Amino acid sequence: MRHHLRHMGPGIEPLPEVWTGRATNRLQWVLAAAGAGCLALGIKLAVSADWETGITALLMAVIGCVAAGLLVLYGTLAFVRLEVTIDQEALEVRCGHVGLPRKRILLSEVVKADYDPKITPHQWGGWGCRWRPEKGTAWVVRRGEGVVVTLAGGDTFTVTVDNAATAVRVLRDRLSRSNSGPVPHV
């Protein structure tokens, strides 16, 4: 990871101008393989089946296998990895290798940033993009540390990411600078 560092003064560790962190879940490759298998089964059924007998049941099986395979494959590949970027304007989260889904939260909307050392998929009902009325929104790709951001409207956004403590320090620094005006670089 390469960062452009801004020095905060003597005795204080410098913070990056643009912070980037990642989280990955290798277990989801197993689920992706299952989705690919289901997709392959649907294609095999379509190619090698006798379409003259029981066309309705066969068509339902082919469509079901292909649809389930695509959904599982995309759903797992989208959440195998996640990248969080914090710059001067926003916190941005991109999922998967393509970067979709994507969420961008302007720092002007952020009220508070907290570190959570123990986020689990169980707390949120599984992996992926989650919403719970009492907890807010979360993007969870694995268990472990993460960032919890409170927004101006009272909503919260939680994301699992490695080195979340540094991400929180960067967010808090950005928030304190925006509340007190520009801070001269030393």
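**Figure 1. Asp173 and Arg177 in this predicted model are both buried.** The two residues form a salt bridge whose closest N and O atoms are 3.2 Å apart. Both belong to helix α4, with a spacing of four residues, about one turn of the helix.

**Figure 2. Asp162 and Arg142 form a salt bridge, with 2.7 Å between the closest N and O atoms.** Asp162 is in the loop between β11 and α4, and Arg142 is in the loop between β9 (136-140) and β10, so the pair ties together parts that are 20 residues apart in sequence. Asp162 is partly exposed at 40% relative accessible area, whereas Arg142 is buried at 11%.

**Figure 3. Arg104 and Glu89 form a salt bridge, with 3.4 Å between the closest N and O atoms.** This pair links distant parts of the chain, 15 residues apart: Arg104 lies in strand β6 (residues 102-106) and Glu89 in the loop between β4 and β5. Arg104 is partly exposed, with a relative accessible area of 42%; Glu89 is exposed, with 52%.

**Figure 4. The largest nonpolar core has 29 residues, of which Leu82, Val84, Leu91 and Val147 touch the most other members.** Helix α4 gives the most to this core, six residues. Beyond its neighbours within four places in sequence, Leu82 has contacts that include Val93, Trp139, Val141 and Val159.

**Figure 5. Helix α1 (residues 28-48) buries Gln28, Ala32, Gly35, Leu39 and Gly42.** These residues lie on the same side of α1, because they cover an arc of only 80 degrees around the axis. Val30, Lys44 and Val47, on the other side, are exposed. The cover over the buried residues includes α2 (55-77).

Conventions:
Residues are numbered from 1 along each chain as its sequence is written. This is a predicted model: local features need pLDDT of at least 70, side-chain atom pairs count only at pLDDT 80 or more; totals for chains, interfaces and linings use all residues. Side-chain values use heavy atoms; hydrogens and water are left out. Buried means under 20% relative accessible area, exposed over 50%, partly exposed in between (1.4 Å probe, protein chains only). Helices (H or I, at least four residues) and strands (E, at least two) are DSSP runs, numbered from the N terminus. The arc is that of the directions from the helix axis to the C-beta atoms. Contact means heavy atoms within 4.5 Å. A nonpolar core is a set of buried Ala, Val, Leu, Ile, Met, Phe, Trp, Tyr and Cys residues joined through side-chain atoms within 4.5 Å. A salt bridge is a side-chain nitrogen of Lys or Arg within 4 Å of a carboxyl oxygen of Asp or Glu.
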